[in-house]
Amino acid sequence: MKPSFLSCLVALVCGLLSHVLWAQYSPKDFPIDPSVRTGKLANGMVYYIKANATPKNRVELRLAVNAGSLLEEDDQRGLAHFTEHMAFNGTKNFSKNDVVNLLQKFGVKFGADINAYTSFDETVYQLQLPTDSADILNKGFQILEDWAHNVSFEGEEIDKERGIIIEEWRSRDLNADSRMMSKTLPVLYKGSKYPIREPIGTVEILETFKHERIRKFYKDWYRPDLMAVIVVGDINPEEMEKKVKEQFGKIPASVNPIPRPIFEVPKHDENLIVVTEDKEAMSSTLQLMFKRDASQVSTWADRRKKTAASLFTAMLNSRFNEMRFESNPPFQYAASFDGDSWARAVEAFQVYAGVANDDPLRAVSSIYESFERVRQFGFIAPELDRAKKQVIAALEKSYNERNTTESRIYCYRLVANFLNNKILADPETDFAAMKSLVEGITLEEVNQLVASLMPSTNSVLAITCIQKEGSKMPTEAEVREAIAKTKTLQYKPYEEKAIATNLLASEPKSGKIASLKKGPEGVTEMTLSNGLRVLLKQTEFKQDEIMFSAFSSGGHSLYSDKDFVSAAYAGEMVETTGWGSFSAVNLRKALAGKTAYIGASVDMYEERLYGQSKTMEAKDLFQLIHLAMTSPREDAEAAKNFVQMQLDQVKGYMNSPEVMASIESSQMMSNYHKRVLMLPNEEIMAKFDAQKAIKFYKERFSNAADFTVVFVGKFNEDELKPLIEKYLASLPTLNKAEKFKDLGVRPPKGVTKKELFAGVDEKSSVNLTFHRTEKANQYEMTDYVRLMALSDLMDLRLTEVLREDKGGVYSPYCGMSFERMPLNMSTLTVAFDCSPTNAENLTTTTLSLLESIQKNGASESDLGKVKEGLKREHEANLQQNRYWMRAIERGYRYGKDMSALATYTKLIDALTTKDLQDAAKRFADFSSYTQLTLYPAKYQKK
């Protein structure tokens, strides 16, 4: 129910988390967005309400609690997170698991629509509900109110939940990353409470704490003066405000509340370094933090400084990206950002990098050399111009999408405003002001930030390494020596060569639209004069987005076993070498300030292009498509670098037991077929030939008549037609259709079981995959719906039995797939992590659950939950461009159209318990499945 510590860290890197000093306030220069109704109840609870019709007929509810694991006492470690779990295990008005059971009857899915997370400083509960029923909304508000002050904490339920949370710890925290984090965190936040208050807590306390300790945490910190309720969606704000006041205003104010402390992180004059290693680490990384006191953005001067810092990091990241594409680069990736950290009292300029060639000292040197070059010479005008274009483009996209931004995004912003004082300004006036601010920032202003962003004290460098036999990780002294040396070197100013301003060297001669007709579901079907098929679907879901894909039958199946590696990596390589006269780096520069991008792949049975752009960038997108299909760039040095990048990215993956198990499961499902690529290891990449890859790429993308191109999004068909004729109808064609070659990749016959022993942690993973193959075009929409329903039913039953009843797993998974190439194949997969001692028992239980469905079908209650869940999910999908893209691809790829989609909801309504019984017999055949169980390396089965 919470994001893992490491997944939160990734979110932090992406700039998705916000933590500064907490105190409810309105920045004096930034009046709050007038479309948001906000206020404070007499009991101290804050509320936010906003009408937003994306998605339609949905409302997002949040209960934000300004309390997390830092507020725990020593014998309460883990109980903030445990409290979050208990909110789903009984309240005053909903006993035991009734909260989840009730909402599932309305089609609300546990995990996707109802969830929560706990971090160091906060706990946030989230619900997405349909708005077509007053009863659902009333129940949702009652649940939120109960979470706020009426959680039951029954002793029996507390004790049942212990096992589930320990399994969450096992699943999320027993790995190399967590082990290394336990060594780096105490240095990153030296002298503070953060390293000893990771939200999951300790197993010892989770197993033994007395019930009154969690009840006390709830009483102390779950109180209205530390809470906000947030309502965003397809609602009437006036009605919702009245409802919020009635529902939450009756919660009693806290009497003599404990002051909510702010947790400081002591400064240190020295620059700290920590180096750690692990045998199961998948990569070597570095994290660098220059820490400083958190600052509040309450004036335009504050905001100008923050924006200048964002331009600084954008320019530095651009240089890092160039280095990544150089011959023998020092790192796989490197990215800087300036802003919040895990500690609310601290913000920092930070750099994250993935080490290349297992040489962390070289990566450290390269990062610090980049710093020194900036210190001595600063950035140059073209770099600032591109960075400004990027920032302004992001501002424009956000502004253009203000009326189609999803409600969950607004919820995030409102939660950030409550917990972290983030600006919640009026987008109508804020956009113009911010654009003007960005345009006015000078190069001198940005270059002067070096001293404040990278001070000489209070920094931390954390290095993690892959522990390997015969190699040793660098010592702290060696790291300090490498850093010191960068300050003694002679540097040259950054130089930039001129690049072309036009994507195409010359404009192609236009072709024609040979035929046009309207197809099902609003799809326009075109055939061009060169034989290429174009499918258009106009939508209003996003006001500034066009998505596209192009596909053609063939793939690397048309090449020999000797050459298939070169064909399979051809698309990825060309993304690295570039198109036309543009290297990958220069293409990015040429498109500075634009979102248009394109990617390519050559899969086993088809070749693909994909990408998207803003609506106003449609011409750029079409030119990129033309470029990608006609002009792959040959660059021997870049191709060599591509091979090394592939090897570096996965060099340590096989150290991870989980990755080993995942790959083994996939290989079992292909019966170890030699044409199924896994990780690009030394043996595989030795077969790669860059010249052949270019040749194969040209062959795969040179025949426009064999392609179907799909566009979905906000556009005017009449405005696209000239672009279609110029850039698509002009593409070369061979006037022939190709078909893939069936390589005979099949799952093994019968039942295949395997046990894998790897890793040091007391953790097992189980993967069961049932498979069925049939002749091509035997599966219909009815089969797809029934398999989806069976998968959702198993999800329900696994959660009820393996998680809630047995307490043996945290997050069991059941998923399905439905393929038609090279023949029809369905899979139903169950996977979970657990204690090694429970693996066999839980596997037996899983099989018995499937057997029960085969014998008895589904209960009427579960059938209702499944049907409502599928319908609600479909309603939401129909409002997503990406869903329509996939649906159109599926429909037309196999010689059909979109007609079957119209029957989807009717097929769901018609589902019976016998249908699920029959589906279980058909798609979960006990005579045809694979089973892989991962055990620790030294585990001895009894």
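View 1. Residues are numbered from 1 along each chain as its sequence is written, and side-chain values use heavy atoms, with hydrogens and water left out. Because the model is predicted, local features need pLDDT of at least 70 and side-chain atom pairs count only at pLDDT 80 or more, while totals for chains, interfaces and linings use all residues.

**View 2. A cis peptide bond in the loop that holds Pro822.** Pro822 lies in the loop between β21 (813-819) and β22 (824-834), and the peptide bond that reaches Pro822 from Met821 is cis, with omega near 0 degrees.

View 3. Asn328 lies in the loop between α10 (300-324) and β9 (331-340), and the phi of Asn328 is near 50 degrees, a positive value in a residue other than glycine. With a relative accessible area of 42%, Asn328 is partly exposed, given that buried means under 20% relative accessible area, exposed over 50%, and partly exposed in between (1.4 Å probe, protein chains only). Asn421, which is not a glycine, has a positive phi of about 60 degrees, and Asn421 lies in the loop between α13 (407-420) and α14 (427-440). Asn421 is buried, with a relative accessible area of 6%.

View 4. Strand β13 (residues 523-528) and strand β14 (residues 533-538) run antiparallel and are joined by 5 bridges, where two strands pair if DSSP finds at least two bridges between them. Across this pairing, Thr527 stands opposite Arg533 in β14. The hairpin of β13 and β14 has 4 residues between the strands, and in this hairpin Gly531 takes a positive phi near 95 degrees. Strand β14 also pairs with strand β18 (residues 708-713), in the parallel sense and over 6 bridges. Here Arg533 stands opposite Thr708 in β18.

View 5. Lys472 lies in the loop between β11 (459-466) and α17 (476-486), and Lys472 counts as exposed at 64% relative accessibility.

**View 6. The whole protein, as a setting for the close-ups.** The protein has 32 helices and 23 strands, and its C-alpha trace spans about 80 × 75 × 65 Å along the principal axes. Buried residues make up 58% of the 942 residues. Among contacts (heavy atoms within 4.5 Å) between residues at least 6 apart in sequence, 85% join residues at least 24 apart. The protein exposes about 38,200 Å², of which carbon and sulfur atoms supply 50%, with accessible areas taken from the Shrake-Rupley method with a 1.4 Å probe.

Definitions and conventions: Helix = DSSP H or I, 4+ residues; strand = E, 2+ residues; numbered from the N terminus.
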